[in-house]
Amino acid sequence: MKGKVLRMTKAVYGTQSTGAAWHRTLASALRDIGFTPSKGDPNVWLKKSVRSNGEDYYEWILCYVDDILVISEEPGDTMAKIGKVY
């Protein structure tokens with residue numbers, strides 16, 4: 001392709017921009033299902049929720065690189081929601 005310029009529209013695995021692209025995509029999915037990032041750490045997300053007994057609590061999602069930890073009464077439901085949006 002001599003004489004041509006190619007513009008990349010997506011991050012390529014292994015490049016410096018891969019992590020930033022992953023974070024943007026995940027952040028969009030988490031916002032779509034009602035989570036907000038904490039003020040202290042952009043990799044910690046929370047959402048006010050209600051337990052099956054009617055008690056209020058917060059669901060937490062902690063992200064480190066491409067690992068996700070869900071702290072919730074029903075973590076499988078939360079992961080399914082992320083899967084649908086993502």
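**Exercise 1.** Determine in which sense β3 and β4 pair, and over how many bridges.

*Solution.* Take the strands as DSSP runs (E, at least two residues), numbered from the N terminus. Count two strands as paired if DSSP finds at least two bridges between them. β3 and β4 are antiparallel, joined over five bridges. Among the facing residues, I61 stands opposite V70 in β4, and C63 has I68 as its bridge partner there. The hairpin of these strands has two residues between them, and V65 in this hairpin takes a positive phi near 55°.

The model is predicted: local features need pLDDT of at least 70, side-chain atom pairs count only at pLDDT 80 or more, and totals for chains, interfaces and linings use all residues. Residues are numbered from 1 along each chain as its sequence is written, and side-chain values use heavy atoms, leaving out hydrogens and water.

**Exercise 2.** List the residues of the largest nonpolar core and find which element gives the most.

*Solution.* Collect buried (under 20% relative accessible area, 1.4 Å probe, protein chains only) Ala, Val, Leu, Ile, Met, Phe, Trp, Tyr and Cys residues joined through side-chain atoms within 4.5 Å. The largest such core has 10 residues: L26, A27, L30, I33, F35, W45, I61, C63, V70 and I82. α1 (18-32) and β3 (56-64) each give two or more; α1 gives the most, with three.

Technical notes
Buried < 20%, exposed > 50% of the residue type's maximum accessible area, 1.4 Å probe, protein only. Helix = DSSP H or I, 4+ residues; strand = E, 2+ residues; numbered from the N terminus.
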